[in-house]
Amino acid sequence: MTNIKCILFDCDGVLVDSEAIGNQVLLSMAAEHGLQMSLKDAFKNFNGRSLKDCFQQIERLINKSLPSNFEIAYRKKSYDAFATQIKPVKGVLAFINCLTIPYCVASSGPIEKIQLTLKTAGLIDLFENKMFSSYQINSWKPDPGIFLHAAQEMGFSVNECIVIEDSLAGVIAAKRGGFKVFGLANETNSKALENEGATIFHTFEELAILLQMVPTKNSS
C-alpha cells in the first residue's frame, strides 16, 4: 500500500498489553461497590473509551455514584500495576523496526499514562515527540478528534494515514474521521471491529503482509 505516508497507533492493546491489567483493577475496585461484570464484557464496554465514560457506565449499572476519590484511587492502583506488569504487544517491536514512514501514538489516555506504559514496555524511545492524548484536546474516542489532531500534528492528510486500533470505540472514531483503519482482532472483538469497517488482522506479521511490508527477524 504505497499511498500510506503515516501510521497512527492506538496505545492500549495495540502497542502495550495494558487492557487486561487496567480492566482487572477497575473491575476489582468497582466490585466493592456492587458491580458484577466479566473481563470479556469489560473489554467490550470500556476499551478505547475515556475513564469518565467508563465510570458513568459503572454508575448506571450499580444505580449509584462512585466515591469522589474513586478516580484518584484507580489511577494509583492501575499505574502501580502498569509500572511493573506492562509488556509490548507481541510482534509490534518488529513491525515498528521495519517501518520506513513516520508514525505516532494517538490515545484516549492521559499523556503520563502513555509515557508510563511505553516506558515500561521498552518502547518510549521510539515515540519521542510523537505522543498525542485525548486529554490534550478534550476529545475522546469514539469522536475522531484525537486522530485528526495527530494527523495534523504529524503533517499529513487523512487519506495519507492509516489507524491501527483494537477497540470498537477506536475503530468508530477512525471511520468517523475518514481514516482507513486496521483492527487488531481477538476472540472477543473480531466481528465487532469488522462490522464497523476495520480491516482485520490477528498478528503484526499478518499486518505487515497486508501492508506489503517485510518485518525484521528475531524481534518481539
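Mentor: Helix H2 gives the most to the lining of the largest pocket, with five residues. The model is a predicted one, and the pocket has a volume of about 610 Å³. Of the 30 residues that line this pocket, the closest to its centre are Asn-47, Asp-166, Asn-186, Thr-188 and Asn-189. The elements that give two or more residues to the lining are H1, H2 (39-46), H9 (168-176), H10 (190-195) and H11 (204-210). By class, the lining comprises eleven nonpolar, ten polar and nine charged residues.

Because Asp-41 and Lys-44 are three residues apart in helix H2, about one helical turn separates them. Asp-41 counts as partly exposed, at 31% relative accessibility, whereas Lys-44 is exposed, with a relative accessible area of 58%.

A search of the whole structure finds eight salt bridges, and two others deserve attention here. Asp-10 forms a salt bridge with Lys-141, with the closest N and O atoms 2.9 Å apart. This pair links distant parts of the chain, 131 residues apart: Asp-10 belongs to the loop between strand S1 (6-9) and H1, and Lys-141 to the loop between H7 and H8. Asp-10 and Lys-141 are both buried. Lys-141 also meets the side chain of Glu-165 in a salt bridge, at 2.7 Å, N to O. Glu-165 lies in strand S4 (residues 161-165) and Lys-141 in the loop between H7 and H8, so this pair ties together parts that are 24 residues apart in sequence. Glu-165, like Lys-141, is buried. Through shared partners, salt bridges join Asp-10, Lys-141 and Glu-165 into one network.

The peptide bond from Lys-141 to Pro-142 is cis, with omega near 20 degrees. Pro-142 is placed in the loop between helix H7 (134-137) and helix H8 (145-154). That loop between H7 and H8 also contains Asn-138, whose phi is near 55 degrees, a positive value in a residue other than glycine. Asn-138 counts as exposed, at 59% relative accessibility.

Lys-141 is also among the contacts of Ser-108, which include Gly-48, Ser-134, Tyr-135 and Trp-140 as well, once neighbours within four places in sequence are left aside. Ser-108 is found in the loop between strand S2 (103-107) and H6 and counts as buried, at 9% relative accessibility.

Leaving aside neighbours within four places in sequence, the contacts of Phe-9 include Leu-15, Phe-95, Ile-164 and Phe-204.

Methods:
Residues are numbered from 1 along each chain as its sequence is written. This is a predicted model: local features need pLDDT of at least 70, side-chain atom pairs count only at pLDDT 80 or more; totals for chains, interfaces and linings use all residues. Side-chain values use heavy atoms; hydrogens and water are left out. Helices (H or I, at least four residues) and strands (E, at least two) are DSSP runs, numbered from the N terminus. Buried means under 20% relative accessible area, exposed over 50%, partly exposed in between (1.4 Å probe, protein chains only). Contact means heavy atoms within 4.5 Å. On a 1 Å grid over the protein atoms alone, a cavity is a set of points where a 1.4 Å probe fits but cannot get out, and a pocket is an open set with protein on both sides within 12 Å along at least five of seven lines; lining residues have an atom within 4 Å of a point. Grid points are joined across faces, edges and corners, and a volume is the space filled by probe spheres set on the points. Ala, Val, Leu, Ile, Met, Phe, Trp, Tyr, Cys and Pro count as nonpolar, Asp, Glu, Lys and Arg as charged, and the others, Gly among them, as polar. A salt bridge is a side-chain nitrogen of Lys or Arg within 4 Å of a carboxyl oxygen of Asp or Glu.
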